[in-house]
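Student: I am new to this structure and would be grateful for a guided introduction. May we proceed by question and answer?

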Amino acid sequence: MAFMRLAKLPIDQDLKDRIARSSLKTVKDVLSLPPLQVMTLLNMSADECKLFMDKLFNVCIPKHVTAFDLSEEERKGSYWLGTDTLDSMLHGGLHAGSLTEFAGPSGVGKTQWCLYIAILTVIAKRDSSNNITTMYIDTETAFRPERIVEIISNKYPEHTTEISKYLSKIYLYQPKTVSSLTEILESLEVIAVEKDVGLLIVDSIASLARKEITSSSSLSNIARTNQLASWAAKLKCLAQQLNICVVVTNQVTTQVAKKELHVTEEIHSLDEEDGELHTGSRERTFSRHVTPALGNTWTHCVNTRFILQFKDSKTRQLIIAKSPIAPFATFNYTIGERGINIEEHEGFYSYSGSDPGLHKIKVQQGIIL
C-alpha cells in the first residue's frame with residue numbers, strides 16, 4: 001500500500017491541490033521524509049502534519065481478515081485453466097492477489113498460455129455478472145489478435161458472433177524499453193480500476209531486462225536485480241491492492257556447475273621408445289542444465305511458478321514447480337486450434353516437493369535435415 005497514490009486518498013480538496021503542486025506522488029514519498037520537510041512542502045502546521053502522516057501509516061498497515069473471508073475472496077477471484085484436475089489441485093485455478101509465472105524455453109508455448117488464459121478470463125468467468133477485462137503487456141511483439149479469433153471460433157463456437165466484444169476487453173501495451181515498461185506499470189493502478197481489470201499479463205518480464213541491462217559486470221547484475229525487484233514489488237502491489245491476478249512469463253538460461261579436479265584412473269601402456277608410463281590426466285568436468293532465467297532473487301518474488309518444457313515433438317509438459325497450495329505436479333498438454341489442451345489422465349504429483357530454483361528444463365532437440 002506504500003505505492004498508493006496520494007490523489008486517491010479520502011482527503012480534502014485543498015490538501016490535494018497542495019500535494020499536486022509538490023513532488024510528492026505516493027504514500028511512500030511522504031513517509032520517507034522527516035515531518036519538518038513534509039510541513040514545508042505542503043505548508044502544514046505540526047498538528048496537521050501529524051494527523052496526515054498518521055492517516056498514511058494506517059493506510060500502510062494491513063487490515064485483518066478471517067480465514068473464511070480469505071477463502072471466499074479466493075473462490076470469487078480465481079480463474080480456471082480449463083481442466084478439472086489441474087484447477088482442483090490449484091484450488092480453483094489462478095488466484096487474484098498473487099503473482100504467477102510461466103517459465104520455459106522458446107517455442108514451448110508461453111505466449112499461447114497467455115492468450116488462452118486471457119480468453120478464459122473474458123469468456124469463461126465464474127461470475128457472469130462481472131464485466132472482467134484483461135490487461136496484456138507484450139514486450140516481444142508476440143501478441144496476435146487472429147490467434148484469439150481462432151481459439152474462440154474453435155473452442156467457443158457459440159460466441160463467434162461476439163468475438164469483437166471479447167477482443168475489446170483485452171487492452172494491449174507493447175513497451176520497447178525498460179523505462180517505458182516502468183511507466184506503464186506506474187500508471188496501471190488507475191487504469192485497472194477504470195477498466196475493471198481482473199487479469200494482468202506481462203509477456204515477458206525477462207525480455208527487456210536481459211536485452212537492455214546486460215550482465216557483463218557486477219554493477220550490471222546489481223542494476224538488473226534492482227530493476228526486477230522494483231517490477232516485482234509493483235506487480236505484487238497491484239495484485240494485492242486491486243485484487244487482480246498477475247501472470248508473467250520468463251525465459252530460460254543455462255547454468256554451468258563446475259566439479260572438482262580429479263585424476264582419471266585409466267593407465268596407458270608403456271612406451272617402448274622413451275620408457276615412460278603415461279597415466280591419466282587431471283581434468284575438470286562441467287555440468288550444464290537449463291533453468292528459469294533472472295536468478296534466485298526473482299524466484300522468491302513469484303508466488304506460483306509453472307515450468308513449461310518439451311516432452312516430445314508434439315507433447316509438452318506443465319510442471320507446478322512452486323505453489324503455496326498445490327503439490328509438485330506435472331501435466332501433459334498440446335497446442336492446437338482450441339488453444340491449450342491439457343491431458344487429464346497423463347499427470348503426476350507428489351507432496352514431497354522440490355527446489356524450484358534447481359529444475360532442469362528439457363528443451364527441444366534440433367532437427368537434422
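**A guided reading of the chain**

Tutor: Ile151 is buried, at a relative accessible area of 0%; buried means under 20%, exposed over 50% and partly exposed in between, with a 1.4 Å probe and protein chains only. This is a predicted model, in which local features need pLDDT of at least 70 and side-chain atom pairs count only at pLDDT 80 or more, while totals for chains, interfaces and linings use all residues. Residues are numbered from 1 along each chain as its sequence is written, and side-chain values use heavy atoms, with hydrogens and water left out.

Student: In which helix is Ile151 found?

Tutor: Helices are DSSP runs of H or I with at least four residues, strands are runs of E with at least two, and both are numbered from the N terminus. The run that covers residues 145-155 includes Ile151, and this run is helix 8.

Student: Which residues does Ile151 touch, not counting residues up to four places away in sequence?

Tutor: A contact means heavy atoms within 4.5 Å. Ile119 is 32 residues from Ile151 along the chain, yet their C-alpha atoms are separated by 8.2 Å. With residues up to four places away not counted, Ile151 touches Ile119, Tyr156, Glu337, Arg338 and Gly339.

Student: With which residue does Arg147 form a salt bridge?

Tutor: A salt bridge is a side-chain nitrogen of Lys or Arg within 4 Å of a carboxyl oxygen of Asp or Glu. The closest N and O atoms are 2.7 Å apart, and the partner of Arg147 is Glu150.

Student: How far apart are the closest N and O atoms of Lys165 and Glu162?

Tutor: Lys165 is partly exposed, with a relative accessible area of 36%, and Glu162 is partly exposed as well, at 29%. The two form a salt bridge, and the closest N and O atoms are separated by 3.2 Å.

Student: How many residues apart in sequence are the parts that Glu186 and Lys234 tie together?

Tutor: Glu186 and Lys234 form a salt bridge, with the closest N and O atoms 4.0 Å apart. Glu186 lies in helix 10 (residues 178-195) and Lys234 in helix 12 (residues 218-242), so the pair ties together parts whose separation in sequence is 48 residues.

Student: Which residues does Val252 touch, not counting residues up to four places away in sequence?

Tutor: Val252 is placed in strand 8 (residues 252-263) and is buried at 19% relative accessible area. Val290 is 38 residues away in sequence, but 6.4 Å away in space, C-alpha to C-alpha. Residues up to four places away being left out, Val252 touches Gly104, Pro105, Arg210, Val290, Thr291, Pro292, Ala293 and Ile361.

Student: What percentage of the residues of the chain count as buried?

Tutor: The secondary structure of the chain comes to 13 helices and 15 strands, and a search of the whole structure finds 6 salt bridges. Of the contacts with a separation of 6 or more, 66% are between residues 24 or more positions apart. The chain has 369 residues, and the share that count as buried is 44%.
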